[in-house]
Amino acid sequence: MGDKEALRVGSAVRRRRRALDLTLAAVAGRSGLSVPFLSQIENERARPSMRSLHRVADALETTAAELLAAADSCRVVDVVRADDATLAARPGVRHLVRGHHQLHAVEFTGEQDAGGEHQHRNDELMYVADGAAEVEAEGRAHRLEKGDTLFLSGGVLHRWRATRPGTRLLVVAVADHIEAVAP
């Protein structure tokens with residue numbers, strides 16, 4: 001695969017592997033490639049040669065062409081307009097990134113209460129664009145005002161709520177399908 005056609009084939013490999021309910025070890029056994037190399041492919045830290053991609057495709061009961069067709073482009077430039085209603089998940093909740101990528105970003109507006117406790121496998125950053133919010137993480141309350149950020153590493157149990165009308169909270173996280181947690 002040349003740089004001109006660089007694709008993030010890892011997401012396609014992971015989706016296909018999971019659809020077949022296979023472990024990385026099973027795909028490694030079928031393809032003759034190592035588990036660490038397959039993990040690097042899925043996490044976009046390595047790009048397979050065409051020969052390796054064919055071996056992975058065979059192990060996943062598909063073709064290299066199908067995996068490439070399902071791959072995400074490396075060079076995505078996408079403007080999301082403030083009035084784009086297609087990204088509204090529900091009132092007061094809007095996705096800021098279109099599609100399935102390594103980063104997940106959401107804007108919460110108004111007096112949102114995220115409800116119960118949450119725990120994500122990867123890192124997360126909260127930024128208060130307007131208003132104020134309270135975040136309880138690992139049993140400790142943190143009051144955030146306009147311009148404040150809070151970083152949560154993967155695995156931290158937390159809950160949050162807006163504490164002022166008109167609050168805008170931006171949450172940016174490494175997407176759950178990415179295995180970014182250090183061993």
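Predicted model: local features only at pLDDT ≥ 70, side-chain atom pairs only at ≥ 80, totals over all residues.
Residues are numbered from 1 along each chain as its sequence is written. Local features need pLDDT of at least 70 and side-chain atom pairs pLDDT 80 or more, while totals for chains, interfaces and linings use all residues, and side-chain values use heavy atoms, without hydrogens and water.

Select helix α2 (residues 24–31) and helix α4 (residues 50–59), whose axes come within 8 Å and cross at roughly 115 degrees. Helices are DSSP runs of H or I, at least four residues, and strands runs of E, at least two, numbered from the N terminus. Axes are lines fitted to C-alpha atoms over the stretch in contact, with angles from 0 to 180 degrees between N-to-C directions. α2 and α4 are therefore roughly perpendicular (65 to 115 degrees).

Show side chains next: Val27, Arg30 and Ser31 in α2 meet Arg55, Val56 and Ala59 in α4 (contact is heavy atoms within 4.5 Å). The residues of this contact divide into three nonpolar, one polar and two charged.

Move to helix α3 (residues 35–42), where Leu38, Ser39, Ile41 and Glu42 are buried (under 20% relative accessible area, with exposed over 50%, 1.4 Å probe, protein chains only). They cover an arc of only 160 degrees around the axis, which puts them on the same side of α3; the arc is that of the directions from the helix axis to the C-beta atoms. The buried residues of α3 pack against α1 (10–19), α2 and α4.

Now pick Asp21, in the loop between α1 and α2. Asp21 is not a glycine, yet has a positive phi of about 60 degrees; at 71% relative accessibility, Asp21 counts as exposed.

Finish at Glu138, in the loop between β7 (132–137) and β8 (140–145). Glu138, also not a glycine, has a positive phi of about 55 degrees and counts as exposed at 58% relative accessibility.

Note on methods
Parallel < 35°, antiparallel > 145°, perpendicular 65-115°, else oblique. Nonpolar A, V, L, I, M, F, W, Y, C, P; charged D, E, K, R; others polar.
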